[in-house]
Amino acid sequence: MKGIDLHVWMWSGLEDKRPRTKSRNHTGLMKRLNTFCPTTTHSPLDSVSPPGGRSPPLSPPQSLPPPATALRLSLLLHHRLFAPLEPGPERFSPGSSASFPAVMRRRQKRLLQLSALALCALLFLPNVGLWALYRDRVFDTGSTENTAALDRLEALNVAAVREAPPRIDWHDYDAIKWDAARSGNGEQGKAFPLSDADRVDQAYRENGFNIYVSDRISLNRSLPDIRHHNCGQKLYWEKLPNSSVIIPFHNEGWSSLLRTVHSVLNRSPPQLIHEVILVDDFSDKEHLKGALEEYMQRFPKVRILRTKKREGLIRTRLLGAAAASGQVITFLDSHCEANVNWLPPLLDRIATNRKTIVCPMIDVIDHDHFGYETQAGDAMRGAFDWEMYYKRIPIPPELQHDDPSEPFESPVMAGGLFAVDRSWFWELGGYDTGLEIWGGEQYEISFKVWMCGGRMEDVPCSRVGHIYRKYVPYKVPGGVSLARNLKRVAEVWMDEYAEYIYQRRPEYRHLSAGDMTGQKELRAKLNCKNFRWFMKEVAWDLPKHYPPVEPPAAAWGEIRNVASGLCLETKHLVSGSPIRLDTCVRGRAETGWGHGQVFTFGWREDIRAGDPLHTKKVCFDAVSHNSPVTLYDCHGMKGNQLWRYRKDLSLFHPVSSSCIDSSPTERRVFMNTCDPQSQSQHWVFERTNATVLDHFNRDDPH
Ligand SMILES: [Mn+2]
């Protein structure tokens, strides 16, 4: 397997007729070598071009390469060193017009290239055995030229080894000092003190967040440095790739858009910002036209592009990416604030492995008062359930680093905030242009990068705040586009796992998702792994939280009180609805499951509205030993939504150590001290599964 890789890869190294184009076609190996050997000036590495999707998995250079990698790298270098000295038929074919002096010049050029490569080789490879092997081969040729070259090499190596490691502290301490000294509305990421007048609907109508508050906070406002304390000490490559920052927007508020741009320019090393590209998706707000252009004239790096019709987020991002010329493209949303030193940690991971897509931690800017804080749970892995809703799951212990500020693998990204090597993005085909408007594209790019030879990481030392809107303030054209997009992603990438989605979303099964041949060809061309591999190697912890096949429920159907003969009922299947007693529907001879008296005590040991195949995402929830029982959004984390259905017919709430009680006269349902004798606390589920119930109750004596 590795041998085959190596072969293909060396063969491409021999290929000399490869068009030598601009530096942006450099491959990961080259970038890595360039990074490690900053003294290499001219492009001797231009022709080192492993075929797409077969880049060697080099280990991060701060550590020694593992033996297998070291061997592969050394063999590669070894072979390349000798390629020009062992003329192959493609170089000296009878039809070749290369004259003898030309060949000599090429050899001299080759020797220069050898020097640079060997210098890198020595830096990487303390493996004396291989090095000795290489040396033997050089002397075998018996050329004085080669001996001299080798001497030069050794001299260079000695010098290079003495040089300090090329990692630096990228913090801008002046900027940090200025930020720390700022005070006023919203400064240091504090909540803006809201008056009732500030909360009027009008403030939210146009943007989905409070634009009045945004307008009263400085465009250069300071943010709290809430990174893990280890982040302050981290060093990153001195030579990082630069980035184009792409910010698509549609009718964005003036201050929220400008604060995004200001934060990027204020908190990024200028040399790493190649450009900022604002891409207007056909906004009609006046302030986004001439005024925006005039304002941005003071920032020479900022460009504004505009679509000619409403294209939707996906194609708008692609338009920006197509116009970008930085080595990396970083996508942001149009209502973000970049936090301290956010960019170098992202670029560093791409410099280490160009096939890594990196995401910053996304912090929460409150849509009411603009306070800045971390998301609940802070660092978590991106995941999805089998209706394709985005989910966050805890980092399993196996993937936790000793240093929690180190980047960690994430199966899928949240959405629009990530950085990617520009050429790798296009090798991956960018986004599928058959995806419409919005939605599903984060899965597409995530599955693709993992399955087609790359990887994805979240970087805790890079933080960007995002305003999560209260609601989407504009009509999203084409209502079925999200369903179509999700089906498209499922069909192209998820193989037999798509079936799990159709089981939950039968309406997707016969939906037309358009022509997918291009996408399937891309997947074949990139020689991508299958979705089973993705589930086994990347998202292996996902089924623990979101099993493709729901384990059987313990009890379901109506829940009838023994004392009163009344049933638990909810009038509305929404968060916050109370659970009450009412006449049992079955007793009223009505049929079907579509009423508010069907509940499922399922595998998560919570009680959800709906029958086992169609549970709603609202759960029985109690907060204390005497609180009412209400429906609340299921959090799936047990805690105050964990229940026990015991043999004495009580519904026990372990967190409060109390039981569900009821008052038939008031039709009230509430928590109370458990009383095994009280029939008002005894409940009968319409159906039960004894095996599952016994398993749930295995530690319970009742
Ligand atoms: Mn957003």
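Let me start with a term. A residue is buried if 20 or more other C-beta atoms lie within 10 Å of its own, exposed if 12 or fewer, and partly exposed in between. Now apply that to Trp540. Trp540 has 14 other C-beta atoms within 10 Å, so Trp540 counts as partly exposed. Trp540 sits in the loop between α20 and α21 (542-545). Its C-alpha lies 9.2 Å from that of Pro411, and 129 residues separate the two in sequence.

One caution before we go on. This is a predicted model.

Now the overall picture. The protein chain has 702 residues, and 40% of them count as buried. It holds 22 helices and 26 strands. Take the contacts between residues at least 6 apart in sequence. Of these, 76% join residues at least 24 apart.

Start with α15. How many of its residues are buried? The count is 11 of 11, so α15 is largely enclosed by the rest of the structure. After α15 comes Gly453, with a positive phi near 100°.

Next, α16, residues 481-493. This helix has 13 residues. From first C-alpha to last it reaches 18 Å, close to the 18 Å expected at 1.5 Å a residue. Its buried residues are Arg484, Asn485, Leu486, Lys487, Arg488, Val489, Ala490, Val492 and Trp493. They pack against α15 (441-451), α17 (498-504), α18 (506-509), α19 (517-525) and α20 (531-538). Just past the helix, Asp495 takes a positive phi of about 50°.

That brings us to α20. Which of its residues are buried? They are Phe531, Phe534 and Val538. Seen down the axis of α20, these buried residues fall within an arc of 65°, so they line one face of the helix. An α-helix has 3.6 residues a turn, so residues three or four places apart point the same way. On the other side of α20, Arg532 and Lys536 are exposed. The buried residues of α20 pack against α15 and α16.

Now look at how α15 and α20 meet. Their axes come within 10 Å and cross at roughly 85°. Angles of 65 to 115 degrees count as roughly perpendicular, and α15 and α20 are therefore roughly perpendicular to each other. Who makes the contact? From α15, it is Phe447, Trp450 and Met451; from α20, it is Trp533, Phe534 and Val538. By class, that contact has six nonpolar residues, no polar ones and no charged ones.

Stay with Trp533 for a moment. It belongs to helix α20. The C-alpha atoms of Trp533 and Met451 are separated by 7.8 Å, although the two are 82 residues apart along the chain.

With 13 C-beta neighbours inside 10 Å, Asn527 counts as partly exposed.

Last stop, further along the chain. Go to the loop between β21 (630-633) and β22 (644-645), where Met637 is found. Met637 is partly exposed, with 13 other C-beta atoms within 10 Å. Where does Met637 stand relative to Glu605? They are 9.6 Å apart, C-alpha to C-alpha, and 32 residues apart in sequence. Lys638 is in the loop between β21 and β22 as well. Its phi is positive, near 60°, in a residue other than glycine. Lys638 is partly exposed, with 13 other C-beta atoms within 10 Å.

α15 is largely enclosed by the rest of the structure. The buried residues of α20 line one face, and they pack against α15 and α16. The contact of α15 with α20 has six nonpolar residues. Thank you.

Technical notes. Residues numbered from 1 in each chain as written. Predicted model: local features only at pLDDT ≥ 70, side-chain atom pairs only at ≥ 80, totals over all residues. Helix = DSSP H or I, 4+ residues; strand = E, 2+ residues; numbered from the N terminus. Expected span 1.5 Å × (residues − 1). Contact = placed C-beta atoms within 7 Å. Arc of directions from axis to C-beta. Axes fitted to C-alpha atoms, helices over the stretch in contact; angles between N-to-C directions. Parallel < 35°, antiparallel > 145°, perpendicular 65-115°, else oblique. Nonpolar A, V, L, I, M, F, W, Y, C, P; charged D, E, K, R; others polar.
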